[in-house]
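Here's a friendly walk through a protein model. Have the sequence and the 3D view open, and click along as you read.

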Amino acid sequence: MLPQKRKWIKSISPKKATRKSSQDLPDFADSILDSLDSQIAVIDSKGEILYVNKPWNDFAEENSPPSKLQTQIHANYLDVLRRAKGEWSDEAIPALDGILHVLAGNTDLFSLEYPCHSPTENRWFRMVVTPLKAPVKGVVIRHQNITARKLLEAERQENLKLIERLNQEEKLRNKFVSMVPGGFCTYKRSLDGKYSIPFASRGWESLFDISASDVAADATLALQRIHPEDIDKVHSAFGQAMESSSNLRIEYRINTPDKGTIWVEKFGTGLQGEDGSKLFSGFASDITERKKAEHALAEKLDLEKQISNIVYLSPGGFFSMLISQDLRSSKIIYASQKFFDLLGISKEELEKDQNQIYRMVHPEDVHRLSVSGREAIEMGTEWNMEFRIIDKTGKEKSLAIAGRPTANPEGSILLYAQLMDITERKKTERVLTQKLELENQISRMVNLAPGGFYSLISFPNKSARLLYASEKFKSLTQLNLGEAEKDFWATFKTINPIDIPKISYSVEKAFDSITGWHEEFRILRPDGKEIWVEGWAQPNQQHNGSIHWFGILVDITERKLEEEARKIAEERLVESEERYRALAENSEYPVGVVDAAGTILFANPSFAALFDRTPENILLKKYADFLTPEESNERMEIVARVLREKKPFLDEIEYFNKNGSLWYRRSFRPIAGWGKISQVLITGSDITEMKNESLRKEKYLIELESKVQERTKELREALNKEQELVEMKNKFISTTSHEFRTPLSTISLTAGFIRRYHERIDKPVLIEKLHLIEKQVRHMSLLLEDVLTIGRSEAGTLKINVTQFPLVPFIQSIVEEVEEIRKTHRIITQFHCRRDSISTDEKLIRNIIINLLTNAVKFSPNQDKVEFIISCDASSYYFTVHDFGVGIPEADQENIFVPFHRGVNVSDIQGTGLGLSIVKKAVDLLGGFISMRSKVGEGTSFEVTLPIHPSTPN
């Protein structure tokens, strides 16, 4: 809405009734309307504005420049709404419809609430339209500011959501604490620095041999249990976790009255208290036996320490490992510094998380490494293997491991091994393999070339070396290739001395400009034979500034002899008219003579045949009569130029006649007639075959360069795929970490709520809190199942297990489960299938339906229903899930089944991007297919088609 300054109607003759009603309006009524806080306007049945009050004008002047006023008196308000753009355009259409309904008498009242924000504040207005009770048919439009009411409603909704979230988090945390083994407690540091333990589980009381009530207000007794040598370390770690609200994992000793000194492992996270205090909540477990075993093993490492100097001098990294049954739980008990340098991690990082080494192994080598290690352990043989890792920076390394597992008297197995970096060696092997493959491909193509293929390399200082010469090149030139491979310029010894200056200049020019080279010249071979050759070369610039040249040398001796013979014939024809005519008339080459006016004075049969004529039919006629206007202009310009400059003109043209396309080399030469040079001799030779051969050579060079570029492109694409794999792994770690952190936080907060208020919580509220904890635990379990499903699918270990089970009860149980979990939508289920049972993999079909229904509910937050249709025919089952939610943008639809991909319009909706990927993989395993239709703002439909009798696909 753009209200404008009011103006009274004074002189509109076609609307006398309107003018009279406006003039009769009392002044005090005008003042009353101006004193209201609402913006009021009166429009007639056609939409013309008859009256506006002062607030209407004031709002227009504050929000629009005077030059853009569109809602002043006489303006058509309905047209303004029809042309509305920008923020007001979404409300303009319903506003227009409402006004028209009131004008038509369909309703006596229309109202619409809409936002109208300014650069400095958020505002909301309510538009009310009522009929005008006056002789003139029209409506009264009132815009009222309702911002205060809107802000109060929004604040109330946020408070209700906050209370509900706190209640749910409290229930979930208490439930989780009771389920997890070990001792759980919460340390609190108040603003005055005093420590207390407001909550401690029974497991913690048993572990520390302290009653929770003894430390609820003061944690001194618990702190005194910490071993004196560890107390500074524990205080520092707890303080850092509380200050930064970060995670903590620490091992330390405590002194208990009954059990003496024991080792405990504590892990948890720092939190911010509601009163500004600092909290640390976590679990503690007894690891005394494990530490004893570690100390016993440490005593056996004295021998390794004695040979540490030898280890230091080794080019590889030594380490020793205590082997477990599943290999993954194995623990490195000693490693040299070079071991850490090779992996790009520190000793402290390894102590915190030993499994990170296994996560660094390249996915394609994980299984092979595991099988190789297990075979060496079981058979007691040496373990020698090469594999790849991806370090923290995303860089790939190739490593080699060499060692032998040894059994201890206690029955455990120790591995003493060395790790070597073989990255550069592997790169060299790959480059050599690729080079050999490329050379083999080039060699096969070179042997098929019509000429001799060669390649050379040039440098900025104009030095050059011959790199390769084919057998045809060697046979053609009979060069001393040993000298040419050291110095390319040595090849000039074989060039005819007359041609050396020309070739030297053209080669140096090509080297300087890095452009293609093409020349004809003579070679004096060691066998005493002189041959004419035609050479081509194309450059390919390298990164180090050098230039690779690829070229072909072709023997053109026969062609040159023919040209020389033709040249001699033409000169003799000029010397003698009679001899010229005799030779010309019997020559297979076209010969003709024209004067300056273009009159044909002589034409042999070959010349006349070019125009499908005989010599008698074209003599003394104009040359232009047998040519197109374009050809006539071009050739007469050549004739005039030859007569003017008294120099011959040579070129090559493509000629078309009834037999097709031919290439001719033309010659225009000035000759004397009647004592002066006034005529032009025109001759030609058919070079069609030679031209075709040249085109074939050029095409071959282009195809060769294209194949080299394609191979380079394939290598780049392989590198890009490896980089995409690293990015996908990083995205997987980031996404799953975030998804686990949210339910854990909810469990923690809910458990704390129950602990603090358990004495005054009503039973329904307590049950609700516990239900929330169960819900989050179930959510974490489903998330883990999704991750495992993706992992098994990528590893190729996800198989199908076909069983037969009732269809309707199976579907109903899934629908009830999703409705119970979400509690926000009704799933309207329709059965159009008469089959009582279904034969398929129950687990996979359950994953498909639950993920589709859960997504439909999740991504339609402002709706209350989802449609689910089950149908079948003689060959297939059809499952269709349709929602009325946010929809999927067209740009995201092609990647919707890619793991971890999420649409740009769902960033504020929780999720991992795994659901649809799992659905797609499950559908593929069952031999079916899935289709999708979606439109932003209107909803999404997925249809899954599965065969009646599934079979494992290839």
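This is a predicted model: local features need pLDDT of at least 70, side-chain atom pairs count only at pLDDT 80 or more; totals for chains, interfaces and linings use all residues.

Residues are numbered from 1 along each chain as its sequence is written, and side-chain values use heavy atoms, with hydrogens and water left out.

**Salt bridges**

Let's start with charges. A salt bridge here is a side-chain nitrogen of Lys or Arg within 4 Å of a carboxyl oxygen of Asp or Glu. How many salt bridges does the structure hold? There are 45.

| Pair | N to O distance |
|---|---|
| R425 and E386 | 2.4 Å |
| R559 and E520 | 2.3 Å |
| K560 and E520 | 2.8 Å |

Before we place them, a quick word on helices and strands: they are DSSP runs numbered from the N terminus, with at least four residues of H or I for a helix and at least two of E for a strand.

Now take R425 and E386, joined by a salt bridge. R425 sits in helix α18 (residues 423-448) and E386 in strand β13 (residues 383-390), so this pair ties together parts that are 39 residues apart in sequence. For accessibility, buried means under 20% relative accessible area, exposed means over 50%, and partly exposed is in between (1.4 Å probe, protein chains only). R425 is partly exposed at 40%, and E386 is partly exposed too, at 30%.

Next, go to E520, which meets R559 in a salt bridge. That pair links distant parts of the chain, with R559 in helix α22 (residues 557-575) and E520 in strand β18 (residues 517-524), 39 residues apart. R559 is buried, with a relative accessible area of 15%.

E520 also meets K560 in a salt bridge. K560 lies in helix α22 and E520 in strand β18, so the pair ties together parts 40 residues apart in sequence. K560 is buried as well, at 17%.

Salt bridges can also join up: R249, E251, E265, R290, K291, E294 and K331 are linked in a network of them.

Head over to D841, found in strand β28 (residues 837-841). D841 is buried but has no salt bridge, and the nearest side chain of opposite charge, K843, is 7.6 Å away. (Lys and Arg count as positive, Asp and Glu as negative; His and the chain ends are not counted.) So what does the side chain of D841 reach? That would be the backbone nitrogen of N801, at 2.5 Å. The backbone nitrogen of L844 lies 3.0 Å from a polar atom of the D841 side chain.

**Nonpolar cores**

A nonpolar core is a set of buried Ala, Val, Leu, Ile, Met, Phe, Trp, Tyr and Cys residues joined through side-chain atoms within 4.5 Å. The largest one has 39 residues, and I811, I848, I849, L853, F868 and F879 have the most contacts inside it. Elements giving two or more residues to this core include α29 (807-822), α30 (842-858) and β30 (876-882). Its largest share, 9 residues, comes from α30. Apart from this core lies another, of 28 residues, among them I210, V215, A241 and A284.

Definitions and conventions: Lys and Arg count as positive and Asp and Glu as negative; His and the chain ends are not counted. A polar contact is a pair of N or O atoms within 3.5 Å; within protein, one must be able to donate a hydrogen and the other to accept it, and residues adjacent in sequence count only if both atoms are side-chain atoms.
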